[in-house]
Amino acid sequence: MQPHPNVQAVQRALDDAGARDGTGGASQVRLLPEAVHTAAAAAEALGVGVGAIANSLIFDADDAPLLVLISGAHRVDVAGLAASIGVTRLRRATPEFVKEHTGQVIGGVGPVGHPRPLRTLVDTDLAGYDEVWAAGGVPQAVFPTTYAELLRITAGTPAEVA
């Protein structure tokens with residue numbers, strides 16, 4: 001059985017970028033037995049702390065997509081983030097907006113594998129973990145990587161987002 005096209009897109013993006021996990025090996029998307037729609041569920045399924053989960057949140061920033069990769073231990077400070085990046089309106093994106101800009105669905109949005117590159121901010125607190133886990137394109141897919149790799153493979157900007 002072939003993996004879902006979104007999983008294939010994420011894995012292809014990881015391969016193309018030469019993405020690495022916390023041990024220096026190639027990042028590989030893994031399918032979990034069940035969907036994990038929250039950082040807590042992902043952390044439990046993987047046996048890691050919730051802070052090591054890199055949640056992919058899509059925001060509508062003045063009608064443009066913004067991907068925020070935030071530690072599962074945090075919540076985005078929307079007002080503070082809007083002020084720090086100079087947008088007048090920052091709000092959680094609708095499911096339709098997310099699908100349009102990522103090709104993926106809420107709960108499974110990966111940091112890569114989108115139709116076009118997205119402006120990306122990466123929570124600096126993820127730097128405190130040797131390995132972090134991100135979504136792999138569908139709610140039951142995840143992959144291991146590092147903070148430095150997230151910055152590199154997404155062309156992201158380090159940010160204090162909580």
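## Exercises on a predicted model

Over residues 34-152 the chain is 25% helix and 29% strand, with the end C-alpha atoms 29 Å apart; helices (H or I, at least four residues) and strands (E, at least two) are DSSP runs, numbered from the N terminus. UniProt, in an unreviewed entry, places the feature "domain: YbaK/aminoacyl-tRNA synthetase-associated" at residues 34-152, and such annotations may be inferred rather than shown by experiment. The model is predicted, so that local features need pLDDT of at least 70 and side-chain atom pairs count only at pLDDT 80 or more, while totals for chains, interfaces and linings use all residues. Residues are numbered from 1 along each chain as its sequence is written, and side-chain values use heavy atoms, with hydrogens and water left out.

### Exercise 1

Determine how strand S2 is placed and which strands pair with S2.

**Solution.** Begin with burial, where buried means under 20% relative accessible area, exposed over 50%, and partly exposed in between (1.4 Å probe, protein chains only). Eight of the nine residues of S2 are buried, so this strand is largely enclosed by the rest of the structure.

Next take the pairing, for which DSSP must find at least two bridges between two strands. S2 and S3 pair in the antiparallel sense over eight bridges, and serine 56 stands opposite leucine 69 in S3. These two strands form a hairpin with two residues between them, and aspartate 62 in the turn has a positive phi of about 55°. S2 also pairs with S4 in the antiparallel sense, over three bridges, with arginine 91 in S4 as the bridge partner of aspartate 60. S2 and S6, in contrast, run parallel and are joined by two bridges, where alanine 54 stands opposite alanine 134 in S6.

### Exercise 2

Follow the pairing through strand S5 (residues 119-123).

**Solution.** Four of the five residues of S5 are buried, which leaves the strand mostly covered. Strand S3 (residues 64-71) runs parallel to S5 and is joined to S5 by four bridges; here arginine 119 in S5 is the bridge partner of leucine 66.

### Exercise 3

Decide which residues of helix H3 (residues 78-85) are buried, and how they are arranged around the axis.

**Solution.** Leu81, Ala82 and Ile85 are buried in H3. Seen down the helix axis, the buried residues fall within an arc of 100° (taken from the directions from the axis to the C-beta atoms), so they line one face of H3. Ala79, Ala83 and Ser84, on the other side of H3, are exposed.

### Exercise 4

Describe the largest pocket and its lining.

**Solution.** On a 1 Å grid over the protein atoms alone, a pocket is an open set of points where a 1.4 Å probe fits, with protein on both sides within 12 Å along at least five of seven lines, and lining residues have an atom within 4 Å of a point. The largest pocket holds about 660 Å³ of space, a volume being the space filled by probe spheres set on the points. Of its 33 lining residues, the closest to the centre are His37, Asn55, Ser56, Leu57 and Arg92. S2 supplies the largest share of this lining, seven residues.
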